[in-house]
Amino acid sequence: MSNKPYTYDVSLTELNISHYDHHLIRRLSAMEGQFLDQSAHEVLSDEEDQIIYEVYQHRHPEVPGELLHGVSIIHPGVVGEEYFMTKGHFHAELDTAELYYCLQGEGMMVMETPEGEWAIERLIPNRALYVPPRWAHRSVNTSLTEDLITLFVYTGHAGHDYRTIEQLGFRKLVLHREGKPVIVDNPRQLQLDG
Ligand code: S6P
Ligand code: ZN
């Protein structure tokens, strides 16, 4: 952590981030209950506890005025029909936004509000995505061969609420069907609505 100006370089050819002070790795085992097809998750986990995604971050005090930022990398793959993805979260401080910039790969950002409004935006290289305050967000890698790499920035005091999403998931799922991504309703959420 530094209170002096600094730079860092993100090299995409041989993925390398020239400076960071926290490297988070989430493996299949940390995603238990997140994918719709729980038996596919179990079978895959028994084979190997693969890395689903990684986040390289710069630590700063978690206070208003600071910006937390870094690079997130979602590896390619599926659990059953569902693409590898992040857990997804609301910000604990709901009224805080986040900016993403896609550096590489192809994916989708699945988003929703506590009131049940939802949105999905495609992520492609050089595209910026603004996640407004109140919108939960999950990155999904819709390529089966390439990493999805994004740079993100959000305010220091945002915090994370994972619990709401852990319970039922997002309203929409992105599945790999007939060779392409399709958006479907999450049956676990439908049970709740019905
Ligand atoms: C944090 C920001 C990203 C995610 C990262 C991993 O507010 O949205 O840094 O933390 O993409 O996702 P998740 O859902 O495991 O935190
Ligand atoms: Zn966030």
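1. Let's start with a pair of strands. Strand β14, residues 172-177, runs alongside strand β15, residues 180-185, and the two pair in the antiparallel sense over six bridges. Keep in mind as you look that this is a predicted model.

2. β14 and β15 form a hairpin, with two residues between them. Have a look at E178 in that turn, which has a positive phi of about 50 degrees. While you are there, a handy thing to remember about strands: when a strand is regular, its side chains alternate between the two faces of the sheet.

3. Next, the charged side chains. How many salt bridges does a search of the whole structure find? It finds four. I'll walk you through some of them below, with a word on how exposed each partner is.

4. The side chains of E81 and R177 meet in a salt bridge, at 3.0 Å from N to O. This pair links distant parts of the chain: R177 belongs to strand β14, while E81 is in the loop between β6 (78-79) and β7 (82-83), and they are 96 residues apart. E81 is partly exposed, with a relative accessible area of 35%, and R177 is partly exposed with a relative accessible area of 35% as well.

5. Then there is E166 with K87. Their salt bridge has its closest N and O atoms 2.8 Å apart. Here too, distant parts of the chain are linked: E166 is in helix α2 (residues 163-168), K87 is in the loop between β7 and β8 (98-104), and 79 residues separate them. Which is K87, buried or exposed? At 11% relative accessibility K87 counts as buried, because the cut-off for buried is under 20%. E166, at 33%, counts as partly exposed.

6. The last pair I'd point you to is E115 and R134, a salt bridge whose closest N and O atoms are 2.4 Å apart. Both residues are in loops: E115 between β9 (107-112) and β10 (118-123), R134 between β11 (128-131) and β12 (136-141). They are 19 residues apart, and the pair is another link between distant parts of the chain. E115 counts as exposed at 58% relative accessibility, because that value is over 50%.

Note on methods. Residues are numbered from 1 along each chain as its sequence is written. Chains are lettered from A and ligands numbered from 1 in the order in which they are written. This is a predicted model: local features need pLDDT of at least 70, side-chain atom pairs count only at pLDDT 80 or more; totals for chains, interfaces and linings use all residues. Side-chain values use heavy atoms; hydrogens and water are left out. Two strands pair if DSSP finds at least two bridges between them. Helices (H or I, at least four residues) and strands (E, at least two) are DSSP runs, numbered from the N terminus. Buried means under 20% relative accessible area, exposed over 50%, partly exposed in between (1.4 Å probe, protein chains only).
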